[in-house]
Amino acid sequence: MTGSTTWDPALYLDFDDHRSRPFHDLLARVGAVAPRRVVDLGCGPGHLTAVLGARWPDAEVVALDSSAEMVAAARARGIDAEQADVVHWMPPPDTDVVVTNAVLQWVPSHRQLLPRWIAALPGGAWFALQVPGNLGAPSHALIRELAEEEPWRGRVDLRDEIAVAEPAEYAEVLAGAGAEVDVWETTYHQRLAGPDPVLHWVSGTALRPVRDALGADAYATFREQLAPRLRAAYPARPDGTTWFPFRRIFAVARTP
Ligand SMILES: C[S@@+](CC[C@H](N)C(=O)[O-])C[C@H]1O[C@@H](n2cnc3c(N)ncnc32)[C@H](O)[C@@H]1O
């Protein structure tokens with residue numbers, strides 16, 4: 001389901017401020033001064049690739065993503081994105097920076113890929129990743145719980161969700177590959193507005209495979225059943241806003 005998930009770039013961008021912040025927090029720990037090639041692995045709609053271009057205007061900035069919809073959205077904003085699956089990607093020898101933000105949770109084999117990518121990078125290169133660390137949060141647990149009930153059981157496969165590792169494992173894998181590592185986690189206490197904002201949020205990400213598996217009509221029913229559970233787990237405050245805590249895991253590695 002990973003590389004073939006259908007994305008909706010406009011829906012994904014609805015929470016742009018909250019979704020972009022971890023990218024900036026990640027990038028703040030990358031110290032590259034004059035990189036030759038900068039790669040945005042899983043560039044999505046390309047709005048953050050543009051940030052890489054602005055920070056390193058003399059670098060060749062390369063963007064790739066497996067989603068045709070995301071690649072089209074990135075190209076529409078002037079990013080020369082290429083459709084490719086990160087599973088088959090290896091860094092060209094002049095790659096001095098790799099950034100992969102909110103992507104590797106969709107790539108179950110990434111823990112095996114990380115040491116190979118680190119080994120292929122030149123000396124002094126930077127590899128920066130961020131993945132959501134919220135699979136145990138009610139937002140995701142409730143999707144899994146509903147998917148296990150009739151009539152959904154067996155129709156939705158969410159097993160790839162176990163792809164994300166804990167910070168200690170990223171630290172170990174990257175240090176084991178010989179890199180200097182900087183690993184941390186942050187829980188963002190996000191304040192969302194509007195009706196059913198958590199349902200709206202997960203519709204842009206975690207529910208994409210559910211939509212692909214069920215088709216439009218059954219997916220609408222699934223969402224209707226999920227909505228009251230999310231409302232109970234994330235109650236609206238008297239002013240109409242909703243707190244949606246979101247844990248994220250960051251790792252920055254520098255090759256020797
Ligand atoms: C949550 S979005 C993040 C996009 C962007 N990096 C950002 O921070 O806004 C996840 C992106 O990962 C891409 N993706 C998922 N699996 C992929 C794979 N195997 N190869 C390449 N891209 C992948 C999706 O198509 C989607 O655009």
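The model is predicted, so local features need pLDDT of at least 70 and side-chain atom pairs count only at pLDDT 80 or more, while totals for chains, interfaces and linings use all residues. Residues are numbered from 1 along each chain as its sequence is written.

S4 pairs with strand S1 (residues 37-41) in the parallel sense over four bridges, where two strands count as paired if DSSP finds at least two bridges between them. Within this pairing, Val38 has Val97 of S4 as its bridge partner. S4 also runs parallel to strand S5 (residues 126-132), joined by five bridges, and here Thr100 is partnered by Leu129 of S5.

S4, helix H5 (residues 110-120) and S5 together make a right-handed β-α-β unit. Right-handed means that, with the strands pointing away from the viewer, the path from the first strand over the helix to the second runs clockwise.

S5 is mostly covered too, with six of its seven residues buried. Seven bridges link S5 to strand S7 (residues 242-254) in the antiparallel sense, and Ala128 finds its bridge partner in Val252 of S7. S7 in turn runs antiparallel to strand S6 (residues 180-192), with 13 bridges between them.

The largest nonpolar core has 54 residues, and Phe127 and Ala128 have the most contacts inside it. Such a core is a set of buried Ala, Val, Leu, Ile, Met, Phe, Trp, Tyr and Cys residues joined through C-beta atoms within 7 Å. A second, separate core has 15 residues, including Leu142, Val198, Leu230 and Phe244. In soluble globular proteins, nonpolar side chains tend to be buried together.

Turning to the ligand, 22 residues lie around it, and Gly42, Gly44, Ser66, Ser67 and Trp106 come nearest; a residue is near a molecule if its C-beta atom, placed from the backbone, lies within 6 Å of it.

Finally, Glu166 lies in the loop between helix H6 (138-147) and helix H7 (167-176). Glu166 counts as exposed because it has 12 C-beta neighbours inside 10 Å. Glu166 and Phe250 are 84 residues apart in sequence, and their C-alpha atoms are 10.0 Å apart in space.

Terms used:
Buried ≥ 20, exposed ≤ 12 C-beta atoms within 10 Å, placed from the backbone. Helix = DSSP H or I, 4+ residues; strand = E, 2+ residues; numbered from the N terminus.
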